[in-house]
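Have the sequence and the model open side by side, and let's walk through them together. We'll start with a couple of terms and then go from one element to the next.

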Amino acid sequence: MTPSTQKMTPLRQRMIDDMRMRKLADKTQSHYLRAVRQFAGFLGRSPDTATAEDLRRYQLHLVDHGISPVSLNAAITGLKFFFEVTLDHAELIARMQPVRVPRTLPVVLSRDEVARLIAAAGNLKHQTALSVAYGAGLRASEVASLKVGDIDSQRMTLRIEQGKGRNDRYAMLAPVLLERLRVWWRAARAQGKMLDGGWLFPGLNPIDPLSTRQLNRAVHAAAQAAQIDKRVSMHTLRHSFATHLLEQKVDIRVIQVLLGHKKLETTALYAQVATDLLRAVVSPLETLRPV
């Protein structure tokens, strides 16, 4: 439900205006509003009457009910905006600090598993979309947002507009991926499913893009059909792209640029799952002389 379809109180409107003034993404605004709404439900009264003790009780309530660290931090971030910006009462939430999120290794598919996954996708559109996610290392939202005009066959790049962090960048376009895109373009045009200059992967209505939810459903169905037991999502293909490049000894700084990571440490995580690199390392045990 969008803000415009809910009952609008002056306090809610002020928070929305504060977020709009700062040009927060629509998704971020929805998350922040949800965080405040859920806190108000716990409180049983208007959230602008809350005390520091109420906020402390709420965090304990969330922890006691098994909320994940990621979800807890998301709730705290939304409440921080409300109290610090909208109410100008930063002191109330000063002691409500984010918790440490355990760092887990990403699930990575082997090259054979990637090939089986793409081949098992239900139709040509989904096969091509999964090929783009893996072949260019794109996020699901970036795949869904591609337009035909974003393909530059001369420079062999894909233009990614307003990716994560609202940053534009160029992604790599391999010859085999370009050929798959051409096959899909010809088929979609012949069936009237793609508009001139429109979405590269249209939804049921060509004026709308394929949604990230539909992409994730497609990849889950493909994983099941390919009998891949790992927990697979669209982001798994991005993880696999980065890991396989690292195993091919591509410089990690190049991979950082291709993925659009701000910090090298984020990209460096893939060194821990690049099994080909691990197998290439000689254990010191192998160098011991027998006694």
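A residue counts as buried when its relative accessible area is under 20%, as exposed when it is over 50%, and as partly exposed in between, using a 1.4 Å probe and protein chains only. Helices (H or I, at least four residues) and strands (E, at least two) are DSSP runs, numbered from the N terminus. Bear in mind that this is a predicted model: local features need pLDDT of at least 70, side-chain atom pairs count only at pLDDT 80 or more, and totals for chains, interfaces and linings use all residues. Residues are numbered from 1 along each chain as its sequence is written, and side-chain values use heavy atoms, with hydrogens and water left out.

First, the overall picture. The chain has 14 helices and three strands, and its C-alpha trace spans about 75 × 60 × 35 Å along the principal axes. Of the 291 residues in the chain, 39% are buried. Contact here means heavy atoms within 4.5 Å. Among the contacts with a separation of 6 or more, 56% join residues 24 or more positions apart.

Now zoom in on helix H1, residues 10-21. Which residues of H1 are buried? They are Arg-12, Met-15, Ile-16, Asp-18 and Met-19. Looking down the axis of H1, these buried residues fall within an arc of 160° (taken from the directions from the helix axis to the C-beta atoms), so they line one face of the helix. On the face of H1 turned away from the buried side you'll find the exposed residues Pro-10, Arg-20 and Met-21.

What do the buried residues of H1 pack against? Their partners are helix H2 (26-43) and H4. Take H4, residues 69-86: its axis and that of H1 come within 10 Å and cross at roughly 95°. Axes are lines fitted to C-alpha atoms, for helices over the stretch in contact, and angles run from 0 to 180 degrees between N-to-C directions. Angles under 35 degrees count as roughly parallel, over 145 as roughly antiparallel, 65 to 115 as roughly perpendicular and the rest as oblique. H1 is therefore roughly perpendicular to H4. On the H1 side the contact is made by Leu-11, Arg-14, Met-15, Asp-18 and Met-19, and on the H4 side by Gly-78, Phe-81, Phe-82, Val-85 and Thr-86. Sorted by class, that comes to six nonpolar, two polar and two charged residues. In this scheme Ala, Val, Leu, Ile, Met, Phe, Trp, Tyr, Cys and Pro are nonpolar, Asp, Glu, Lys and Arg are charged, and the others, Gly among them, are polar.

Next, some backbone angles. Most residues other than glycine have a negative phi. Just after H1, though, Lys-23 takes a positive phi of about 55°. Asp-88 isn't a glycine either, yet its phi is positive, about 55°. Asp-88 sits in the loop between H4 and H5 and is exposed, at 62% relative accessibility. Lys-249 also has a positive phi, about 70°, without being a glycine. You'll find Lys-249 in the loop between helix H11 (234-247) and helix H12 (252-259), exposed with a relative accessible area of 67%.

Last stop: two loop residues. Arg-103 lies in the loop between helix H5 (90-93) and helix H6 (111-120) and is exposed, with a relative accessible area of 55%. Leaving aside neighbours within four places in sequence, Arg-103 is in contact with Glu-265, Thr-266 and Leu-269. Ile-207 belongs to the loop between helix H9 (175-190) and helix H10 (212-225) and counts as exposed at 55% relative accessibility. Not counting residues up to four places away in sequence, Ile-207 touches Leu-195 and Trp-199.
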